[in-house]
Amino acid sequence: MNGNDTIFWKKINLSNWIEQKSQNVNRAFLFGDGLFETMVFQNGKIRFSELHLKRLVTGCEVLGMNSEQLSTIEEIERALKLGFGEDKMLRVRWTIYRSGKGKYTPLTDEIEESLQIEDFHAAPLTKQSAFVHPEIYLSSSPWSSCKTLNALPYVIANRDRVKLGMEEVILLGQGSFVSEAGAANLFWVKSGVFYTPSLGTGCIEGIGRTVIMDMLKSKGFEVQEGYFRLDDIYEASSVFTSNVTGISYLLTLEGKTLGQERFGMIEQLFELDNSY
């Protein structure tokens, strides 16, 4: 080892460490310096592919990473079809991270990519119990609407959710405004108007959120983004979460029963045979 080398060791049991290949120790691992997209592969295609790519390019621009090096959606679809066939429905995580090592200061803005592939499971249509996390507050930043690898608030929030035996956790932003759920955006309905928190509350600009808002506006429904309090949710006729796997209606929040109105037109956006 010379003065410019760094050696990485990984612990494999109680007392043994082995040297780890340097390519497995990257800026995603060391600093969370990157982005990811969770996508659904269905009928040989990535569902909502244009929206995924647009969000990823925007994220690269915000973080100063070279988006011109991104794989194309068509490349990913070909690889998945070759590996799994067209009929297999998959959940695919596309991770992009800054190349090189360095410390906090990057040595390059080139990127590297990986795919994590598993069977697809749709979101449950209902979630019986939800609570508001009393300690974790999201904050707005130039990258808070992007899906970055810095996910610690969601990790701890969902760990606490499981410990409490809850099915969902609601996170607030600065000022105690409602922001989002543990792994999904949040919507509710009052008097025929659909509400969802502003990106300024620190929530992620979810693909499901975008799809739902676009559809509602195209059909003439009023959609309001803004800064809302918990009381607004308790007064709603329906409350649901959304991500790329579908929507889930919340039945209770903090032990209080929520409105139970349902919307088939929104559910259909995420049905397996939908070609949105």
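Close-up 1. Helices (H or I, at least four residues) and strands (E, at least two) are DSSP runs numbered from the N terminus, and two strands pair if DSSP finds at least two bridges between them. The model shown is predicted, so that local features need pLDDT of at least 70 and side-chain atom pairs count only at pLDDT 80 or more, while totals for chains, interfaces and linings use all residues. Residues are numbered from 1 along each chain as its sequence is written, and side-chain values use heavy atoms, with hydrogens and water left out. In the hairpin, 2 residues lie between β14 and β15, and Ser 242 has Ile 247 of β15 as its bridge partner.

**Close-up 2. Strand β15 (residues 246–250), of which 5 of 5 residues are buried.** Buried here means under 20% relative accessible area, exposed means over 50%, and partly exposed lies in between (1.4 Å probe, protein chains only). In a regular strand the side chains alternate between the two faces of the sheet. In β15, Gly 246, Ser 248 and Leu 250 point one way, whereas Ile 247 and Tyr 249 point the other way. Strand β7 (residues 126–127) runs parallel to β15 and is joined to it by 2 bridges; Thr 126 stands opposite Tyr 249, and Lys 127 has Leu 250 as its bridge partner.

**Close-up 3. The open sheet of 6 strands, with mixed pairing and the order β7-β15-β14-β11-β12-β13.** Because β7 and β13 (223–226) stand at the edges, each with a single partner strand, one side of each is left without a neighbour in the sheet. Helix α5 packs on this sheet and touches β11, β12 (193–197), β13, β14 and β15, where contact means heavy atoms within 4.5 Å. The direction of α5 makes about 140 degrees with that of β13, the axes being lines fitted to C-alpha atoms, for helices over the stretch in contact, and the angles running from 0 to 180 degrees between N-to-C directions.

**Close-up 4. The largest nonpolar core, which has 22 residues.** Such a core is a set of buried Ala, Val, Leu, Ile, Met, Phe, Trp, Tyr and Cys residues joined through side-chain atoms within 4.5 Å. Phe 194, Ile 212, Leu 216, Phe 240, Ile 247 and Ile 266 touch the most other members. At least two residues of this core come from each of β11 (185–190), α5 (207–218) and β15, and α5 gives the most, with 6 residues. In α5, 9 of the 12 residues are buried, among them Ile 212 and Leu 216. Leaving aside neighbours within four places in sequence, Leu 216 is in contact with Phe 194, Phe 221, Val 223, Met 265 and Ile 266.

Close-up 5. Thr 252 is buried, with a relative accessible area of 16%. A polar atom of the Thr 252 side chain lies 2.6 Å from the backbone oxygen of Gln 128. Leaving aside neighbours within four places in sequence, the residues in contact with Thr 252 are Lys 127, Gln 128, Ser 129, Ala 130, Thr 257 and Leu 258.

Terms used. Polar contact = N/O pair within 3.5 Å; in protein donor to acceptor, adjacent residues only side chain to side chain.
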